[in-house]
Amino acid sequence: MNNAHAVPVSLAEMLNDCSIDRVLAIDKKWQIISWNKTAEYITGITKDALFNRNLLDMFPEIGLDGDLMKAIEDALKGFTCFVPSKPGAFNRHYYENHFIPLKDNDGEVFGVMNIMHDVAHRVKTERQLEKLNTTLTEQNRRLEKASAEMATFINITGNDLKEPVRKVYSSLEMIARNDGLRLSDPSRAALRRMQSSLNRINLLLDDMVTLAAANSFTAEFSDIDLNLVMDEALEIMRDKIEEKQARVQVAKLPVIPGSKQMLQYLFVNLLDNAIKFQPDDNIPVVAITVDYITGNTVPGTITGYEKRYVCIKFTDNGIGFTQTDADKIFGMFEKLNPRKKYGGSGIGLTISQKIAESHGGYIEAKGKENEGATLLCYLALP
């Protein structure tokens with residue numbers, strides 16, 4: 001056998017001693033044949049005190065650990081083994097153990113090398129993350145419970161209030177019908193203003209209930225054909241479209257996982273906004289187009305997070321808005337334009353944003369004053 005390239009024993013020992021891991025080796029009789037400097041430093045036990053001594057005599061705790069014993073026995077049979085760290089266990093509390101069979105030139109196993117790698121930093125980090133995750137899970141559970149309770153309260157309160165509002169409106173209508181001729185002009189005008197206010201209250205109650213449902217959205221999704229949802233939205237909006245003589249152009253839409261009811265509300269609300277906010281005597285033109293993009297270009301998503309989205313754009317030729325006001329239109333009760341002229345409760349786009357978010361997406365607005373607006377609605381694709 002040519003030994004010209006054999007590594008000197010002293011160099012092998014030097015390399016072993018330079019390792020940042022604890023290293024020991026035993027022969028087939030379980031006698032310790034190697035113990036590096038790192039092991040000496042951490043344990044305080046010298047190599048001379050252990051050399052040629054039986055492993056289990058020196059460290060009887062190993063014999064009580066079935067995982068370590070099996071790994072050593074399997075390594076003596078020629079298998080490389082790994083034993084993870086285990087809190088409280090001897091030589092495993094902050095260490096993971098690797099057992100590597102030592103073989104001679106003929107491939108016969110004559111011993112086992114045990115490399116003990118310090119994973120204290122990782123273990124501590126994992127435990128901190130586990131504790132943090134437990135805390136966040138509990139906080140999330142409490143928030144979900146509070147949100148569900150608030151949604152239930154708003155739903156019950158909103159629906160309960162609608163009935164007395166309806167009765168008051170009906171009573172005012174009866175007074176106007178039966179006694180209108182006996183009322184003065186200012187009194188009749190006041191009566192109509194009261195009815196108009198009641199209509200706004202009724203609209204606001206509807207939107208509050210819808211917003212509560214969007215905030216506590218937990219329904220299971222199913223595959224929804226957005227073309228069918230859009231057709232239904234257009235049918236709901238038919239009277240308003242015909243009244244305004246609006247022209248609506250719709251591109252082909254995809255199938256996505258979602259809630260049909262919520263998506264229908266979303267489309268109706270975005271269509272209503274596009275048709276509503278128009279100059280006097282202007283014929284509304286609404287173009288609904290589609291783009292497909294990845295998640296790292298979507299506002300509000302984590303940079304580099306690759307996820308596919310459909311972006312449905314509602315572009316109109318209406319009054320528009322200044323881009324500095326773009327974020328304001330999604331605020332609760334925020335109205336950029338006169339309430340009397342354009343109506344509404346001021347929370348329609350807030351609800352639309354919540355619905356988009358519940359479908360893994362987002363809405364952003366782009367516009368120019370007197371040059372129309374575009375609402376970009378991102379919805380997650382499967």
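Is Phe 90 buried, partly exposed or exposed, and what is its relative accessibility? I looked this up before anything else. Phe 90 has 30% relative accessibility, so it counts as partly exposed (buried means under 20% relative accessible area, exposed over 50%, partly exposed in between, with a 1.4 Å probe and protein chains only).

**A note on the model.** I am working with a predicted model, where local features need pLDDT of at least 70, side-chain atom pairs count only at pLDDT 80 or more, and totals for chains, interfaces and linings use all residues. Residues are numbered from 1 along each chain as its sequence is written, and side-chain values use heavy atoms, with hydrogens and water left out.

**Aromatic pairs.** I used this rule: rings of Phe, Tyr and Trp (its six-membered ring) pair if their centres lie within 6.5 Å, and planes under 30 degrees apart count as stacked, over 60 as edge-to-face and the rest as tilted. By this rule I get 3 aromatic pairs. One of them is Phe 59 with Phe 90: the ring centres are 6.1 Å apart and the planes stand at 35 degrees, so I call the pair tilted. It links distant parts of the chain, 31 residues apart: Phe 59 is in the loop between α4 (55-58) and α5 (66-76), and Phe 90 is in the loop between β3 (81-83) and β4 (95-103). Here helices (H or I, at least four residues) and strands (E, at least two) are DSSP runs, numbered from the N terminus. Phe 59 has 10% relative accessibility, so it counts as buried.

I also found that Trp 35, Phe 59 and Phe 90 form one aromatic cluster.

**Helix α5.** Which residues of α5 are buried? I noted Leu 68, Met 69, Ala 71, Ile 72, Asp 74, Ala 75 and Leu 76. These buried residues pack against β1 (22-27), α4, β3, β4 and β5 (109-118), where contact means heavy atoms within 4.5 Å. After α5 comes Gly 78, with a positive phi near 105 degrees.

**Cysteines.** How many disulfides does the structure hold? I count 0 disulfides (a disulfide is a pair of cysteine sulfur atoms within 2.5 Å).
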